[in-house]
Amino acid sequence: MQVLPRSIRLAAVAAFASIIIMVSAFAPAKKAALSPRFNHVMLFVADLDSSIAFYTAALDLQLAQRITELTVTGANGEPSVHAVKMALLKFPGQDFVLELAERPAPAPGQPTPYYQHLGVDVRDIAAAAERVRKAGGQAPSPIQTVSTSSGTVAKNMFFRGPSGELIELMEIVSGEF
């Protein structure tokens with residue numbers, strides 16, 4: 001077998017690299033997520049593992065993340081750590097999340113704060129929060145930073161809609177939700 005001269009081998013590698021660069025230039029770029037857009041719906045469940053098994057079997061949802069700890073840094077800058085049992089489920093190829101949280105059922109007539117809510121992604125949470133306030137959003141919470149045990153960091157705030165429904169604004173700082 002004859003070995004090609006080094007200069008020809010280098011030229012071939014350079015040509016191959018040029019082809020790869022040209023082909024990748026035509027690959028579709030990942031589009032930026034729309035903002036605002038629906039991000040998730042959160043439900044509380046009595047048994048997280050059985051709920052994950054049900055939703056993955058019944059609807060072909062995929063487990064995207066399990067979260068065991070949340071660190072919430074409030075407007076005052078003080079972090080507080082909370083042990084949680086949460087899971088994020090998605091349909092293949094889709095971004096919308098079904099967020100499940102294992103929580104004991106609330107006492108009759110008692111609302112469960114910050115659960116059973118609709119989550120909305122925004123690019124600028126401060127501007128979105130101001131818009132909510134001007135539109136009459138009820139009982140807005142301060143903006144806080146939440147870090148999950150799986151590495152996601154987000155800014156969020158909650159408010160109630162005109163019928164008392166709970167809505168979360170969420171700006172992803174890093175990671176995925």
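Tutor: Five bridges join strand β3 to strand β4 (residues 97-102), and the two run antiparallel. Strands here are DSSP runs of E, at least two residues long, numbered from the N terminus. Two strands pair if DSSP finds at least two bridges between them. This is a predicted model: local features need pLDDT of at least 70, side-chain atom pairs count only at pLDDT 80 or more, and totals for chains, interfaces and linings use all residues. Residues are numbered from 1 along each chain as its sequence is written, and side-chain values use heavy atoms, with hydrogens and water left out.

A87 has L100 in β4 as its bridge partner. The hairpin of β3 and β4 has six residues between the strands. There, G93 takes a positive phi near 75 degrees.

Now turn to the other partner of β3. Strand β2 (residues 62-73) pairs with β3 (residues 79-90) in the antiparallel sense, over 10 bridges. T71 stands opposite V81 in β3. β2 and β3 also form a hairpin, with five residues between them. G77 lies in that turn, with a positive phi of about 85 degrees.

One more strand deserves a look. H117 lies in strand β5 (residues 117-121). H117 is buried, with a relative accessible area of 5%; buried means under 20% (1.4 Å probe, protein chains only). Leaving aside neighbours within four places in sequence, H117 is in contact with residues including H40, E99 and F158. Contact means heavy atoms within 4.5 Å.

Definitions and conventions. Helices (H or I, at least four residues) and strands (E, at least two) are DSSP runs, numbered from the N terminus. Buried means under 20% relative accessible area, exposed over 50%, partly exposed in between (1.4 Å probe, protein chains only).
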